[in-house]
Amino acid sequence: MVWVELLVVLLFIFVGARIGGIGIGLAGGAGVIALSLGLGVPTSQAYIPVDVILIIMSVITAIAAMQVAGGMDWLVQIAENFLRKNPQRITFYAPIVTFIMTLMAGTGHTAFSTLPVIAEVAKGQGVRPSRPLSIAVVASQIAITASPISAAVVAFAAMLTPFGVDYLTLLAVCIPTTFAACMVGALVSNFMGGELKNDPVYQDRLEKGLIKLADKQQRTILPTAKTATYIFLAAIGFVVCYAAAISKSVGLIENPALGRNEAIMTVMLAAAALIVLVTKIDAAKISSAPTFRSGMTACVCVLGVAWLGSTFVNAHVADIKDVAGALLAENPWMLAIVLFFASMLLYSQGATTVALMPAALAIGVAPLTAVASFAAVSALFVLPTYPTLLAAVEMDDTGSTRIGKYVFNHPFFIPGVATIASAVTFGFLFGGLFI
């Protein structure tokens with residue numbers, strides 16, 4: 001019966017992946033019905049990662065308010081100026097830009113705004129655009145596991161607290177290791193594919209007049225942009241400082257009236273309110289902002305797939321512990337492989353984290369192993385169907401960023417695998433100093 005239930009879980013995940021977008025969440029809800037009513041597997045609201053969903057909602061609300069006030073355009077303008085001043089190093093600087101933007105915003109969708117700039121700068125310099133575009137997309141995904149306000153990090157930090165690993169320790173390991181891994185991925189990407197001038201696809205498109213070199217885009221930056229951005233960044237700073245103050249390692253505040261998760265939610269909502277009041281933007285526009293819509297989609301995805309995964313895992317946690325516990329004890333690196341393939345299907349770092357990490361910790365996986373393997377939940381680049389990946393392909397009119405006929409032979413795969421493998425390796429080495 002266990003195998004039948006597992007097959008049902010995988011089937012609904014596959015159906016959700018085929019639907020795409022919000023479909024993984026919708027199919028997850030249907031899968032819970034199939035497990036509970038169809039196969040008699042007990043389920044509960046307790047299996048829903050409520051804190052994760054609420055944190056996504058509150059953070060995305062603050063980001064959307066900043067976007068409506070023009071803050072996102074200002075940040076993109078800064079990133080564009082940086083890239084255009086250093087065009088010869090575009091393959092290494094592009095992932096730095098997308099990594100930092102994701103680190104600050106807690107969502108990889110910020111990369112959408114910078115991908116056209118990366119493509120144009122690379123093309124103008126004669127650099128094969130697939131090189132910086134591929135690692136930029138990968139960096140925007142793996143940075144989720146280092147962002148202080150991402151749902152994946154906050155959820156994982158809560159899971160690790162009973163094991164003596166606090167929020168600050170997690171960030172202290174994940175931020176430097178994932179950033180260093182992105183630089184390794186950039187180095188690998190820098191040697192991927194032939195030179196642009198020798199690419200037959202590029203030459204063919206050039207002869208047909210399909211390639212255009214766009215001029216630098218002059219964005220209209222609203223006068224409220226800087227104010228909104230400063231408020232948002234101050235909110236992030238306050239959250240990190242407050243989390244440090246209430247942590248056991250620092251202990252400045254004992255028995256806090258406001259917990260860490262609650263602090264993130266309330267501070268982000270308050271930041272959104274402050275942005276509205278100070279900049280006088282129309283609050284009604286927040287719910288229609290692109291970042292708000294993508295955030296709500298993420299909430300549904302996490303709700304459905306995490307509930308489905310938790311229902312199955314909690315019903316068989318003892319059996320899973322017997323089978324997987326000994327295997328992972330002898331080969332701890334295998335957790336990273338499991339997370340890698342799971343995130344490839346679940347299309348969400350947050351959903352993968354809340355679906356699998358509790359089970360991994362429950363069967364006795366060491367905290368160091370869990371933290372080191374955390375970056376592997378970012379394998380969203382494997383299947384060439386993720387939105388930022390498709391956007392990168394679409395924005396490169398040279399044809400260098402293309403998906404091969406064998407599905408997996410695309411320019412994101414090797415740099416992405418190299419980045420995650422490096423992050424996991426660095427995690428074991430560097431994490432041992434803190435955990």
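Guide: Happy to; we will take the whole chain and then some of its parts. Please keep in mind that this is a predicted model.

Visitor: What makes the protein chain as compact as a globular protein of that length?

Guide: The protein chain has 19 helices and 0 strands. Its radius of gyration is 22 Å, and the globule rule gives 22 Å for 435 residues, so the chain is as compact as a globular protein of that length. The C-alpha atoms fill a box of roughly 65 × 50 × 45 Å along the principal axes.

Visitor: How do you know what share of the contacts joins residues 24 or more positions apart?

Guide: Take the contacts with a separation of 6 or more: residues 24 or more positions apart account for 81% of them.

Visitor: Why is Val-52 called buried?

Guide: The cut-off for buried is under 20% relative accessible area. Val-52 has 5% relative accessibility, so it counts as buried. Val-52 sits in helix α3, residues 50-68. Not counting residues up to four places away in sequence, Val-52 touches Ala-151, Ala-155, Val-302 and Val-354.

Visitor: How far is Val-52 from Cys-299, in sequence and in space?

Guide: The two are 247 residues apart in sequence, yet 8.3 Å apart from C-alpha to C-alpha.

Visitor: How does the reach of helix α4 compare with the expected value?

Guide: Helix α4 covers residues 71-85, which is 15 residues. From first C-alpha to last it reaches 22 Å, close to the 21 Å expected at 1.5 Å a residue.

Visitor: Which residues of α4 are buried, and what do they pack against?

Guide: Among the buried ones are Trp-74, Leu-75, Val-76, Gln-77 and Glu-80. The buried residues of α4 pack against α3, α5 (90-105), α6 (111-125), α11 (225-246) and α13 (290-315).

Visitor: And Ser-130: why does that residue count as buried?

Guide: Ser-130 has 4% relative accessibility, and the cut-off is under 20%, so Ser-130 counts as buried. Ser-130 belongs to helix α7, residues 130-142. Leaving aside neighbours within four places in sequence, its contacts are Ser-189, Asp-396, Ser-400, Thr-401 and Pro-411.

Key. Residues are numbered from 1 along each chain as its sequence is written. This is a predicted model: local features need pLDDT of at least 70, side-chain atom pairs count only at pLDDT 80 or more; totals for chains, interfaces and linings use all residues. Side-chain values use heavy atoms; hydrogens and water are left out. Helices (H or I, at least four residues) and strands (E, at least two) are DSSP runs, numbered from the N terminus. The radius of gyration is taken over C-alpha atoms; the globule rule is 2.2 Å times the number of residues to the power 0.38. Contact means heavy atoms within 4.5 Å. Buried means under 20% relative accessible area, exposed over 50%, partly exposed in between (1.4 Å probe, protein chains only). The expected span of a helix is 1.5 Å times one less than its number of residues.
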